[in-house]
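The exercises below are to be worked through with the sequence and the coordinates side by side.

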Amino acid sequence: MQIALDNIISNAFKFSDNQEVNILVEATENDYLIHITDHGTGIATEDQADIFKPFYTRANEKGHKGEGMGLYMAQKIVDLLKG
């Protein structure tokens with residue numbers, strides 16, 4: 001889970017355009033809820049279906065390094081752990 005969270009939080013910082021990133025962790029009776037909010041430009045609607053595909057990235061277009069595997073692996077980890 002640490003790998004998945006590290007990737008998701010790193011992406012929030014990477015694409016926040018040097019703006020604030022907020023993370024809120026809530027403990028419920030049976031779960032933890034993690035809310036991560038940044039103030040970047042967001043993900044275009046037409047790209048949202050693709051962000052969890054392997055090797056999909058728009059990072060290079062925005063001047064960032066990226067291989068396109070981070071969110072793919074994060075999703076697989078979260079699914080494996082029933083998150």
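**Exercise 1.** Does phenylalanine 52 count as buried, partly exposed or exposed, and at what relative accessibility?

Solution. The model is a predicted one, and within it phenylalanine 52 belongs to the loop between E2 and H2. Its relative accessibility is 35%; because buried means under 20% and exposed means over 50%, phenylalanine 52 counts as partly exposed. Turning to its surroundings, and leaving out residues up to four places away in sequence, phenylalanine 52 touches Leu71, Tyr72 and Gln75. Glycine 68 lies 16 residues from phenylalanine 52 along the chain, and the C-alpha atoms of the two are separated by 8.6 Å.

**Exercise 2.** Determine whether aspartate 47 is buried or exposed, and identify what it touches.

Solution. Begin with the location, which is the loop between strand E2 (32–37) and helix H2 (70–80). The relative accessible area of aspartate 47 is 13%, and since buried means under 20%, aspartate 47 is buried. If residues up to four places away in sequence are not counted, aspartate 47 touches Tyr56 and Arg58.

**Exercise 3.** Describe the chain that holds these residues, starting from the order of its helices and strands.

Solution. The chain contains two helices and two strands, which follow the pattern α-β-β-α when read along the sequence. Along its principal axes, the C-alpha trace spans about 40 × 30 × 25 Å, and buried residues account for 16% of the 83 residues. Finally, the chain carries 7 positive and 13 negative side chains, with the centres of the two sets 9 Å apart.

Terms used: Residues numbered from 1 in each chain as written. Predicted model: local features only at pLDDT ≥ 70, side-chain atom pairs only at ≥ 80, totals over all residues. Heavy atoms only, no water. Helix = DSSP H or I, 4+ residues; strand = E, 2+ residues; numbered from the N terminus. Buried < 20%, exposed > 50% of the residue type's maximum accessible area, 1.4 Å probe, protein only. Contact = heavy atoms within 4.5 Å. Lys, Arg positive; Asp, Glu negative; His and termini not counted. Charge placed at Lys NZ, Arg CZ, Asp CG, Glu CD.
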